[in-house]
Amino acid sequence: MNIKNTRIRCACCCLIAMLGIAPLASTTQHPSLAASKPTIAKKATVEIGTPKTLEVNANGYVITRIKPKSSNSIVASVKNVNSRVVITGREKGSCTITTTVRARKGKTIKNFKLKTKVTVKKVKTTSISITSFSELNGALESMQKNGGSVTLNSPEEGSFEIPKASYSKVNLVINAPNAKIVNHATFSSITIKAMKDEKWDEQASGNSFTLESTAALKLVVNAGYSVNSITLSGSVSTGVQTIEVIGSVSNIFVKDIAPADIKATADSSKIGLIEISAIGANVSVDANFGSTVSKVRALKTSNTSLTGNSTAAIIVEKVPQATVSVAETLTGVAVTEIPA
């Protein structure tokens, strides 16, 4: 039986060869010959406020148009920049970017819809540095979402206003030697390093300031507004650090040796505590009209002079090595000595 079957198979092969019949080819196409199309990343992760660029791979096509669209522009916005897809995270969440690509291969033109799943995360950056007041509001709003510091290093000249808003998670640092500022917003903290004509006009309640200016600086707390604390800690070589209180300030701390002039200039003026702790500091406290300065604490070898015409009670605490002088026009001052 085996010999017979072998002879039959050989005869069949010979017949096929004689008739010129070719074997049937496989209908499965090699992967490398499969039809290609333009592609883009299927997934992308971006941070809030930080743009991310995606490239469209042509894969043998000539791309003639790219039009991206976000399924949720509140989470992430998108635009075409020089034939690249640029995604900007706006809010934590996820969305889908659909990029419509019009492309040509030979005489054939096709439209392709490419999808990218986008995940938007919180900004990891904890500080932003800007150089223009026009950038300030945007930087503050961005940093408020996650918390951190915004530093303004601006050479711009003129008067500028910070609109009313709450930036409870933002530490604001101002280095603007040619600017005057009127502030209506509240912050976690405010540090002033430089300003023009010595002027910061405070028209907000609840802020805490640190003055680190190396030149003379004037901070005015207006009527109807209150400040938590003001700390003088800059190494000022010339001029005077001036604090004018028309509203109220809970605490003023003098920690540098530069001359400081603290003024309570109206019936509405209220200062809780003035503490002088810098060795060699020279501080003038001027209490006028119906203003109130509750307590002055003079520490170390500081020099403090109290002037004005207020009749309100002022408690002065001083260490033995501190010098305190009181004008005769201040009738409500009581000086007591405390241990060094």
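**Charge pairs and surface charge**

A: K318 and E337 pair through their side chains in a salt bridge, 3.8 Å from N to O. K318 sits in strand β25 and E337 in strand β27 (residues 333–337), so the bridge ties together parts 19 residues apart in sequence.

Q: What kind of model is this, and how are residues numbered?
A: The model is predicted: local features need pLDDT of at least 70, side-chain atom pairs count only at pLDDT 80 or more, and totals for chains, interfaces and linings use all residues. Numbering runs from 1 along each chain as its sequence is written, and side-chain values use heavy atoms, with hydrogens and water left out.

Q: What's your cut-off for a salt bridge?
A: A side-chain nitrogen of Lys or Arg has to be within 4 Å of a carboxyl oxygen of Asp or Glu. Strands, for their part, are DSSP runs of E with at least two residues, numbered from the N terminus.

Q: Is K318 buried or exposed?
A: K318 counts as buried because its relative accessibility is 12%. Buried is under 20% relative accessible area, exposed is over 50%, and partly exposed is in between (1.4 Å probe, protein chains only).

Q: How many salt bridges does the structure hold?
A: Eight. One of them joins E244 to K218, with the closest N and O atoms 3.3 Å apart. E244 is in strand β18 (residues 241–245) and K218 in strand β16 (residues 217–221), so this pair links parts 26 residues apart in sequence.

Q: And how covered are those two?
A: E244 is buried at 16% relative accessibility, while K218 is partly exposed at 25%.

Q: Which residues are linked in a network of salt bridges?
A: E275, K295, R297 and E317. Within that group, the side chains of K295 and E317 meet at 3.5 Å, N to O. K295 is in strand β23 and E317 in strand β25 (residues 314–318), so the bridge connects parts 22 residues apart in sequence. K295 is partly exposed at 24% relative accessibility, and E317 is buried at 16%.

Q: Why would such side chains pair at all?
A: In general, side chains of opposite charge can pair when their charged atoms come close.

Q: Which strands supply at least two residues each?
A: β3 (62–70) and β7 (108–121). β3 gives the most, with three residues.

Q: Where does R65 sit?
A: R65 is in strand β3. R65 counts as partly exposed because its relative accessibility is 44%.

Q: Back to β7. What about T116?
A: T116 is found in strand β7 and is buried, with a relative accessible area of 0%. The T116 side chain reaches the backbone oxygen of A41 at 2.6 Å. That falls under polar contacts: N or O atoms within 3.5 Å, where one must be able to donate a hydrogen and the other to accept it, and residues adjacent in sequence count only if both atoms are side-chain atoms.

Q: What about T45 and K121?
A: T45 and K121 are 76 residues apart in sequence and 7.3 Å apart in space, C-alpha to C-alpha. T45 lies in strand β1 (residues 43–47) and is partly exposed at 42% relative accessibility.

Q: Last topic, backbone. Which residues have a positive phi without being glycine?
A: N59 is one, with a phi of about 50°. N59 sits in the loop between β2 (51–54) and β3 and is partly exposed at 36% relative accessibility. F289 is another, with a phi of about 55°.

Note on methods. Helices (H or I, at least four residues) and strands (E, at least two) are DSSP runs, numbered from the N terminus.
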